[in-house]
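Let's take a walk through this two-chain model, stopping at a few residues on the way. Have a look at it first.

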Amino acid sequence: MDEARPLWATPLQFVFACISYAVGLGNVWRFPYLCQMYGGGSFLVPYIIMLAVEGMPLLYLELAVGQRMRQGSIGAWRTISPYLSGVGVASVVVSFFLSMYYNVINAWAFWYLFHSFQDPLPWSVCPLNGNRTGYDEECEKASSTQYFWYRKTLNISPSIQESGAVQWEPALCLILAWLLVYLCILRGTESTGKVVYFTALLPYCVLMIYLVRGLTLHGATNGLAYMFTPKMEQLANPKAWINAATQIFFSLGLGFGSLIAFASYNEPSNDCQKHTVIVSIINSSTSIFASVVTFSIYGFKATFNYESCLNKVILLLTNSFDLEDGFLTVSNLEEVKSYLASAYPSKYSEVFPQIKNCSLESELETAVQGTGLAFIVYTEAIKNMEVSQLWSVLYFFMLLMLGIGSMLGNTAAILTPLTDSKVISSYLPKEAISGLVCLVNCAIGLVFTMEAGNYWFDIFNDYAATLSLLLIVLVETVAVCYLYGLRRFESDLKAMTGHALNWYWKAMWGGVSPLLIISLFVFYLSDYIITGTLQYQAWDASQIPTVRKQL
Amino acid sequence: MLWLLFFLVTAIHAELCQPDAENAFKVRLSLRTALGDKAYAWDTNEEYLFKAMVAFSMRRVPNREATEISHVLLCNVTQRVSFWFVVTDPSRNHTLPAVEVQSAIRMNRNRINNAFFLNDQTLEFLRIPSTLAPPTDPSVPIWIIIFGVVFCIVIVATMLLILSGIRQRRRENKGPSEMEDTEDKWENTITIENGIPCDPLDMKGGHVNDAFVTEDERLTPL
């Protein structure tokens with residue numbers, strides 16, 4: 001080795017880098033959904049078990065491999081066995097796929113962030129129609145937040161076959177997002193190490209602020225009660241366990257090579273066992289913390305919608321029967337309804353079809369995940385809060401920090417093997433390699449800014465990484481345990497860090513974790529085969545809400 | 001005779017103003033919703049004001065400047081508060097066409113609302129749609145301005161980092177080549193043992209060599 005490998009300035013930077021990579025958008029918009037679907041408080045049981053059995057051992061494995069081999073994923077696996085360099089290449093390719101489509105989320109976060117500086121917020125009101133006597137038709141049928149997302153942000157086409165043109169507004173935001181990522185990775189660990197202080201800590205500040213605001217919102221307790229009441233029967237549902245395992249797996253970002261890349265910049269004597277435990281516990285606690293915030297906001301939104309629904313019913317009855325204004329309230333609604341039904345049966349039966357059955361449960365049960373949660377449901381809740389501009393800015397800034405933090409890890413996974421390779425780094429300096437990677441990704445990412453771009457995004461999000469990662473991590477575990485040799489690895493770690501390897505890690509690496517991954521892999525593979533033709537959710541202006549169309 | 005005429009007139013008026021009569025409009029007020037505790041009671045004086053506002057609106061229509069308050073007829077006032085009204089012509093036998101009344105009310109809707117401290121939602125004229133206020137569109141969308149600011153900052157920071165990196169590398173390349181002329185070469189190569197580089201002696205300036213024990217520590221404390 002001709003020059004010393006760049007190192008993190010302090011071990012704290014390494015921990016922050018791992019936290020900022022692992023704590024990403026999935027913690028905020030996937031975990032609350034899973035919690036809601038699979039039994040609320042009782043989902044924590046499979047989640048914590050999977051964390052102990054699958055998450056921590058695999059995380060420790062990747063960090064240990066990176067720290068021991070002191071190279072990016074390609075070099076590290078080649079050192080373990082020359083036949084395994086394909087695993088490293090696979091990691092780089094999957095990271096490349098991920099960084100292609102992931103930064104579009106940052107572009108959307110930028111778009112919403114820039115639009116938050118207006119009064120009123122642009123997604124809180126519908127635009128007017130041609131002769132200004134009413135609101136735009138599409139906006140009336142959907143809601144103003146859905147309209148802003150599907151029409152103004154994405155300008156989505158009715159199906160994936162109609163690609164449409166590249167929308168210049170999201171394209172500009174995408175270019176800005178890539179420039180920002182380039183700025184952060186420009187100098188390698190030197191610049192990344194400083195940026196991760198922000199990307200790791202700021203989201204927690206915002207989450208704390210939101211927690212305090214969320215808990216004081218009217219109706220927040222409804223959402224929290226709904227979330228945390230455990231539904232024990234879900235524990236028997238195998239899907240709950242599978243989803244817990246999958247969530248832990250993808251939330252920690254295993255298999256992309258980012259963790260290996262980060263750990264390769266460590267001092268060899270770094271205690272990565274301690275850091276493993278810290279990072280995984282912080283990641284899971286953040287998920288739970290974020291879901292508390294999310295559910296208090298859900299509760300607020302559901303209560304608000306429920307009360308508006310009741311008010312609409314009250315107005316309808318007051319107008320139809322010319323009752324005194326203010327006579328009908330929420331408390332006497334039912335008795336007055338029965339009185340009216342008996343006193344004016346004919347008129348009541350005319351009005352009856354229009355009376356909606358308002359239910360708080362049905363409002364709470366609308367479970368949403370992904371971009372729909374962040375850009376439609378949350379914005380709907382925010383527009384009803386006081387000083388909504390402030391909350392909106394804070395929220396999208398937090399989304400941006402989470403997204404950029406994860407992007408730093410992804411690009412590190414791609415760049416570390418490239419800069420490690422003597423061939424490439426002798427021709428081009430580090431800045432040029434980073435610039436080239438960002439440029440290529442940005443150019444390809446413009447596909448996701450086309451009118452059908454969101455459909456491509458959904459496809460990539462659902463299918464790009466799932467099976468590949470499971471296979472990669474399976475091969476990694478088997479390779480380290482059986483090809484390289486668990487005993488040899490154990491003595492390497494002991495020489496490196498000075499601690500002996502706990503029997504727990506050996507048991508997990510040798511047996512339990514690979515079995516878990518195999519069962520997950522088999523499940524997903526059979527799921528894809530059984531499903532047959534793949535489908536996606538399409539937004540068609542003539543059929544609102546979303547319809548399922550076939551690819 | 002006079003009594004008969006009076007009854008006839010009121011009968012004709014009653015026929016002109018009826019729910020769902022031709023050219024009649026229903027009005028609905030929601031005083032408690034709009035004003036809460038400060039809601040005033042709807043009495044005949046308020047009705048008089050309403051008639052005055054409608055007459056005022058009609059007077060602003062060309063050809064209808066002679067409309068008087070007595071030409072506006074109210075009927076079927078309910079507890080809601082809602083009622084029907086028509087506007088008659090000076091002969092008091094026919095009602096004015098609905099289209100004229102509609103356009104007159106639409107033109108002066110704001111004045112009418114303000115007279116009663118209400119807005120378009122709490123003072124409703126059924127079948128007269130109100131013109132919605134368009135959202136204010138600034139000439140340059142605000143988001144572009146903020147985008148421009150952030151974009152420039154990021155570009156400037158990137159340029160600075162790249163340039164300082166290039167300058168640092170140029171300095172490093174010049175540095176060792178200068179030192180090679182003046183000092184011995186062997187001091188600059190990094191000794192490598194077993195593939196691990198030894199820390200080179202720092203050439204840049206006075207540096208305490210930690211291998212040598214300082215005077216104080218040579219004698220162990222008691």
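Is A:S388 buried or exposed? A:S388 is buried, because its relative accessible area is 11%, where buried means under 20%, exposed over 50% and partly exposed in between (1.4 Å probe, protein chains only). Before going on: this is a predicted model, with local features needing pLDDT of at least 70, side-chain atom pairs counting only at pLDDT 80 or more, and totals for chains, interfaces and linings using all residues. Residues are numbered from 1 along each chain as its sequence is written, chains are lettered from A and ligands numbered from 1 in the order in which they are written, and side-chain values use heavy atoms, leaving out hydrogens and water.

A:S388 sits in helix α19 of chain A; helices (H or I, at least four residues) and strands (E, at least two) are DSSP runs numbered from the N terminus. Helix α19 covers residues 388–420 and also holds A:S406.

| Residue | Relative accessible area | State |
|---|---|---|
| A:S388 | 11% | buried |
| A:S406 | 5% | buried |
| A:L428 | 33% | partly exposed |

From A:S388 to A:R132, 256 residues apart along the chain, the C-alpha separation is 26 Å.

A:L428 lies in the loop between α20 and α21 (430–445) of chain A. With A:V423, A:I424, A:Y427 and A:L436, A:L428 makes a nonpolar surface patch of about 520 Å². Helix α20 (residues 422–427) of chain A is the top contributor to that patch, giving 3 residues. Patch members have over 30% relative accessible area and no salt bridge, with like charges joined within 9 Å and nonpolar side chains (Val, Leu, Ile, Met, Phe, Trp, Tyr) within 5 Å; areas come from the Shrake-Rupley method with a 1.4 Å probe, and for residues only the protein chains shown count as cover.

Now for the interface. Chain B brings 36 residues to the contact and chain A 35 residues. In chain B, B:R80, B:L132 and B:W143 lose the most area to chain A, together 23% of what that side buries. There are 3 salt bridges between the chains, each a side-chain nitrogen of Lys or Arg within 4 Å of a carboxyl oxygen of Asp or Glu. B:K26 pairs with A:D322 in a salt bridge, the closest N and O atoms being 3.5 Å apart. For the complex, the predictor gives an ipTM of 0.84 and a pTM of 0.83.

Technical notes: Contact = heavy atoms within 4.5 Å. Buried area = accessible area lost by both parts, 1.4 Å probe.
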